[in-house]
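Here are a few exercises to work through with the model open beside you. Try each task on your own before you read its solution.

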Amino acid sequence: MSEIIEIGLAVVDLDARERVARHRVLVRPVRSRVSRFCAGPTGITQAEADTGVSFAQACDTLTRVHGAGVRPWASWGDYDRHQFVRQCAADGVAYPFGRPAERTHTNAKAVFTEAHGLRGRPGMARALELAGLPLQGRHHRGVDDAWNIAALVLHLADRGDWPRT
């Protein structure tokens, strides 16, 4: 099973229409190693991942510091939600984003696809192009992807297409 090695998050103020913070939690894998396939796009090495916190500590940080259990969260697609659910089950850690998992999560890719009337669901980089937004940072780096997804959420909110919770 692949493990989460980086959790990137961006805080969005929908009322002010701005990204207000970005954070990174590095997670130390225990059942796997950082592969070349993963290290290539993310730039995260095994040595760097070894300095991370445990997955349980990362989930605790999400809950305590970032209010994950009470704030809505979104990701580009459902992969991240599924990965959290799987890893929480495997590690015996409470899911940090509230219950049920599918109700507390917004699939930003699905919202973007519907809002733009697209046939297929574009990757994040392509969605940024379609929205006329720049890709900032390193694509596939968790903290940078979160920042870029936050820009897409704001784009959708500006159009009136982002669901209010």
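**Exercise 1.** Leaving aside its neighbours within four places in sequence, which residues is Arg81 in contact with? Then decide whether Arg81 is buried or exposed.

*Solution.* Keep in mind that you are looking at a predicted model.
- Step 1: find Arg81 in helix α4.
- Step 2: skip the neighbours within four places in sequence and list what remains in contact with Arg81: Trp73, Ser75, Tyr95, Ala101, Glu102 and His105.
- Step 3: take the relative accessible area of Arg81, which is 10%. Buried means under 20%, so Arg81 counts as buried.

**Exercise 2.** Describe how α3 and α4 cross, and name the residues that make the contact.

*Solution.* 
- Step 1: look at the axes of α3 and α4, which come within 11 Å and cross at roughly 125 degrees.
- Step 2: classify the angle. Roughly perpendicular ends at 115 degrees and roughly antiparallel starts over 145, so α3 is oblique to α4.
- Step 3: note the hand of this crossing, which is left-handed.
- Step 4: pick out the residues. Helix α3 brings Phe55, Cys59 and Leu62, while α4 brings Phe84, Gln87, Cys88 and Asp91.
- Step 5: sort them by class, which gives 5 nonpolar, 1 polar and 1 charged.

**Exercise 3.** Which elements give two or more residues to the largest nonpolar core, and where does its largest share come from?

*Solution.* 
- Step 1: start from the core itself, which has 18 residues. Among those with the most contacts inside it are Ile7, Phe55, Leu62 and Phe84.
- Step 2: Two or more residues come from each of β1 (6-13), α3 (55-64) and α4 (79-91).
- Step 3: find the largest share, which is the 4 residues from α3.
- Step 4: zoom in on Leu62. Leaving aside neighbours within four places in sequence, its contacts include Ile7, Leu9, Phe84 and Phe97.
- Step 5: look for a second, separate core. There is one of 16 residues, including Leu128, Ala131, Ile149 and Ala157.

**Exercise 4.** At what angle do helix α6 and helix α7 pack, and how far apart are their axes?

*Solution.* 
- Step 1: locate α6 at residues 124-131 and α7 at residues 142-158.
- Step 2: read the geometry, an angle of about 40 degrees with axes 10 Å apart. The two helices are therefore oblique to each other, and their crossing is left-handed.
- Step 3: list the partners. Met124, Ala127, Leu128 and Ala131 in α6 meet Asp145, Asn148, Ile149, Leu152 and His155 in α7.
- Step 4: count by class, which gives 6 nonpolar, 2 polar and 1 charged residues.

Notes. Residues are numbered from 1 along each chain as its sequence is written. This is a predicted model: local features need pLDDT of at least 70, side-chain atom pairs count only at pLDDT 80 or more; totals for chains, interfaces and linings use all residues. Side-chain values use heavy atoms; hydrogens and water are left out. A nonpolar core is a set of buried Ala, Val, Leu, Ile, Met, Phe, Trp, Tyr and Cys residues joined through side-chain atoms within 4.5 Å. Buried means under 20% relative accessible area, exposed over 50%, partly exposed in between (1.4 Å probe, protein chains only). Contact means heavy atoms within 4.5 Å. Axes are lines fitted to C-alpha atoms, for helices over the stretch in contact, and angles run from 0 to 180 degrees between N-to-C directions. Angles under 35 degrees count as roughly parallel, over 145 as roughly antiparallel, 65 to 115 as roughly perpendicular and the rest as oblique. A crossing is left-handed if the near helix is turned anticlockwise from the far one by less than a right angle, and right-handed if clockwise. Ala, Val, Leu, Ile, Met, Phe, Trp, Tyr, Cys and Pro count as nonpolar, Asp, Glu, Lys and Arg as charged, and the others, Gly among them, as polar.
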